Amino acid sequence: MFLVCLGRTSVDPTDQGGAGLLFGTHFQDAWDDLVQEGLISSEKRDSFNIPVYAPSLQDVKEVVESDGSFSINKLEVFKGGSPLVVNQPGDAREVGKALANTCRSVSGVLVEAHIGDKLSEELFLRVERRAASHGKELLEQLQFFHIVASLSFAQ
């Protein structure tokens, strides 16, 4: 059996790599903007959560071995690249839009259910503007890593 999942290179569980950056500063700051402008309460912001966890190689190894149903034939992490698809990497506005669209594709329905259509649109516009001001850095830093495991039934 092959297992492929989002992963991280760091052993530090607070360092979620690309997933942490995707829903990190720009996304959180956009939520803060809505609170500071009185559009939503801090409680509303704080009650929104996207449970993302990217395991390390050690995490996967420990889970597979503790279960005992499988043995690991091969376990590795590889760089999958950036989730941002842009035609012009030098265009900061395009990078900002790509980040906002990526965030929206993952969390848009959840955000809309939590704060409504209009505020959701406002939130992602703010993510786009904030990300555009850091376009080049985002393309360099926002890299996803994946863990690939080849497993066989334990004997």
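These legends describe close-up views of a predicted model. Local features need pLDDT of at least 70, side-chain atom pairs count only at pLDDT 80 or more, and totals for chains, interfaces and linings use all residues. Residues are numbered from 1 along each chain as its sequence is written, and side-chain values use heavy atoms, with hydrogens and water left out.

**View 1. The largest nonpolar core holds 27 residues.** Phe 27, Trp 31, Leu 99, Cys 103, Val 111 and Leu 123 have the most contacts inside this core. Two or more residues each come from α2 (25-36), α5 (92-115), α6 (117-132) and α7 (135-141). α5 gives the largest share, 7 residues. A nonpolar core is a set of buried Ala, Val, Leu, Ile, Met, Phe, Trp, Tyr and Cys residues joined through side-chain atoms within 4.5 Å. Buried means under 20% relative accessible area (1.4 Å probe, protein chains only). Helices are DSSP runs (H or I, at least four residues), numbered from the N terminus.

**View 2. Phe 27 and its contacts (heavy atoms within 4.5 Å).** Neighbours within four places in sequence are left aside. Phe 27 then touches Leu 22, Phe 48, Ile 50, Cys 103, Ser 107, Val 111, Leu 123, Phe 124 and Val 127.

**View 3. A second, separate core has 5 residues.** Among them are Val 64, Ile 147, Ala 149 and Leu 151.

**View 4. The lining of the largest pocket has 14 residues.** Closest to the pocket centre are Phe 23, Phe 27, Gln 28, Asn 49 and Ile 50. α1 (17-22), α2 and α3 (42-46) each give two or more lining residues. The largest share, 4 residues, comes from α2. A pocket is an open set of points on a 1 Å grid over the protein atoms alone, where a 1.4 Å probe fits, with protein on both sides within 12 Å along at least five of seven lines; lining residues have an atom within 4 Å of a point.

Technical notes:
Buried means under 20% relative accessible area, exposed over 50%, partly exposed in between (1.4 Å probe, protein chains only).
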